[in-house]
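Good morning, and thank you for coming. Please look at the sequence and the model as I speak.

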Amino acid sequence: MTAIVETNDLTKFYGQTRGVENLNLAIQPGQVFGFLGPNGAGKSTTFRLLMDFIRPTSGSARVFGLDAQEDSREIRSRTGFMPGDLALYPRMTGNQIVEFFSFMRKIDVRQEAKRLAERLDLDLGITVRNYSTGNRQKLGLVQAFMHRPELLMLDEPTGGLDPIIQQEFYAMVADAVSDGATVFLSSHVLPEVERIADQVAIIRDGGLVRVDEVGAFRREATRVLAFTFSQPVPEAEFSTLEGVSVVTTQGTKLIITSTGPIDAIVKAAARHEVVELEAHEGELEDVFLAFYEDEP
Ligand SMILES: Nc1ncnc2c1ncn2[C@@H]1O[C@H](COP(=O)(O)OP(=O)(O)OP(=O)(O)O)[C@@H](O)[C@H]1O
Ligand SMILES: [Mg+2]
């Protein structure tokens, strides 16, 4: 299966400043691929390189198996892009922008744009200059989705959107994926990534530090298990298990904090009579957040 997006040692320096360095990404068809990382990590640079808005210092990128530079026209026609620094023509109305993109893309997208604008509760009759931040963002989404592209590349798509509209955006992503699209999006909203992404890449200082399924990150979240036994059990049976960090006893109740596999804990507990079990799943957000900190 050909990757929809693939980069090979993709490197971009802005003069002395590193944008990205030796980036190797592969995004498979149908994935919702989340791109996470601190400010200045290189996310927007990656999107701009994939869209051929800027050229790499070295390395290369392919989109739909096509060369990002040689075949950028075809790539752009099959991609919906929402830039992080969205700048739309301030004197035009939403409708005029839709017309303009229809003309540029040589397909009539007015019906679809109207449908999306209704979904996002956006009035297309207003001049861009007079839109609120959130409404400008909505127009960015309309222009990214309106030609029903095979690939959506969305650089911080939900910044400035109110919670109701965010939910609608998540539904739009799900609909696009069920229509066969692939979605590559960056975000600083960690619960959002948890909610919509299948795969997550973490970028720091211009390079990937980890790429994994959301489920794999989730399994690393610290969970707390509290067993109540029919009689007190020795802490030592649990404190040596993989991933277990803290074990405390309150009478017949044993409280375990763990980041490891749950199976060994359950099996250790099953050697005794369990009266009650409470389990608190840890926050995936904390797992992601650790990658933002100075010493990961
Ligand atoms: N046009 C530019 N000229 C010079 N340096 C740039 C330019 N664009 C980005 N950079 C630098 O490249 C690095 C990566 O920036 P980039 O915008 O790709 O980060 P980002 O991950 O999108 O960050 P954010 O989360 O803040 O949007 C930063 O050090 C940034 O200052
Ligand atoms: Mg950015």
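Predicted model: local features only at pLDDT ≥ 70, side-chain atom pairs only at ≥ 80, totals over all residues.

Let me begin with a definition: two strands pair if DSSP finds at least two bridges between them. The strands themselves, marked E and at least two residues long, are DSSP runs, as are the helices, marked H or I and at least four residues long; both are numbered from the N terminus. In S10, for example, Gln199 is the bridge partner of Phe33.

Residues are numbered from 1 along each chain as its sequence is written, with chains lettered from A and ligands numbered from 1 in the order in which they are written.

First, the overall picture. The protein chain contains 11 helices and 15 strands. Its C-alpha atoms fill a box of roughly 75 × 45 × 35 Å along the principal axes. The chain is divided into domain 1, residues 5–214, and domain 2, residues 222–280; such bounds come from an automatic or database domain assignment. The C-alpha centres of domain 1 and domain 2 are 45 Å apart.

How many of the 296 residues count as buried? The share is 34%. A residue is buried if 20 or more other C-beta atoms lie within 10 Å of its own, exposed if 12 or fewer do, and partly exposed in between, with C-beta atoms placed from the backbone.

I turn now to the sheet. Six strands form an open sheet with mixed pairing, in the order S7-S8-S9-S4-S10-S11. The edge strands, each pairing on one side only, are S7 (79–82) and S11 (207–213). Neighbouring strands of this sheet are turned by 15° against each other on average, direction ignored. For such angles, axes are lines fitted to C-alpha atoms, for helices over the stretch in contact, and the values run from 0 to 180 degrees between N-to-C directions.

Let us walk across the sheet. S7 and S8 (residues 151–155) run parallel and are joined by four bridges, and Met82 stands opposite Leu154 in S8. Helix H5 (residues 133–145) packs on the sheet, where H5 touches S7 and S8, and the direction of H5 makes about 165° with that of S7. Further along, S4 and S10 pair in the parallel sense over four bridges. S10 and S11, by contrast, pair in the antiparallel sense over six bridges, with Ile202 opposite Arg210 in S11. The hairpin of S10 and S11 has two residues between the strands, and Asp205 there takes a positive phi near 50°.

Next, helix H1. Is H1 enclosed by the rest of the structure or open? H1 is largely enclosed, because eight of its eight residues are buried. Among them are Lys43, Ser44, Thr45 and Phe47. After H1 comes Asp52, whose phi is positive, near 60°.

Which element gives the most to the shell around ligand 1? The answer is H1, with three residues. Strand S2 (17–23) and H1 each supply at least two residues of that shell. The residues surrounding ligand 1 include Tyr14, Thr17, Asn39, Lys43, Ser44, Thr45 and Gly84; a residue is near a molecule or strand if its C-beta atom, placed from the backbone, lies within 6 Å of it. The shell divides into two nonpolar, nine polar and one charged residue. Here Ala, Val, Leu, Ile, Met, Phe, Trp, Tyr, Cys and Pro count as nonpolar, Asp, Glu, Lys and Arg as charged, and the others, Gly among them, as polar.

Finally, two individual residues. Leu139 lies in helix H5 and counts as buried because there are 27 C-beta neighbours inside 10 Å. Not counting residues up to four places away in sequence, Leu139 touches Leu88, Gly94, Ile97, Leu122, Val128 and Tyr131; contact requires C-beta atoms, placed from the backbone, within 7 Å.

Ser187 belongs to the loop between S9 and helix H7 (190–196). Why does Ser187 count as buried? Ser187 does so because 21 C-beta neighbours lie inside 10 Å. The C-alpha atoms of Ser187 and Thr158 are separated by 7.8 Å, although the two residues are 29 apart along the chain.

Note on methods
Contact = placed C-beta atoms within 7 Å.
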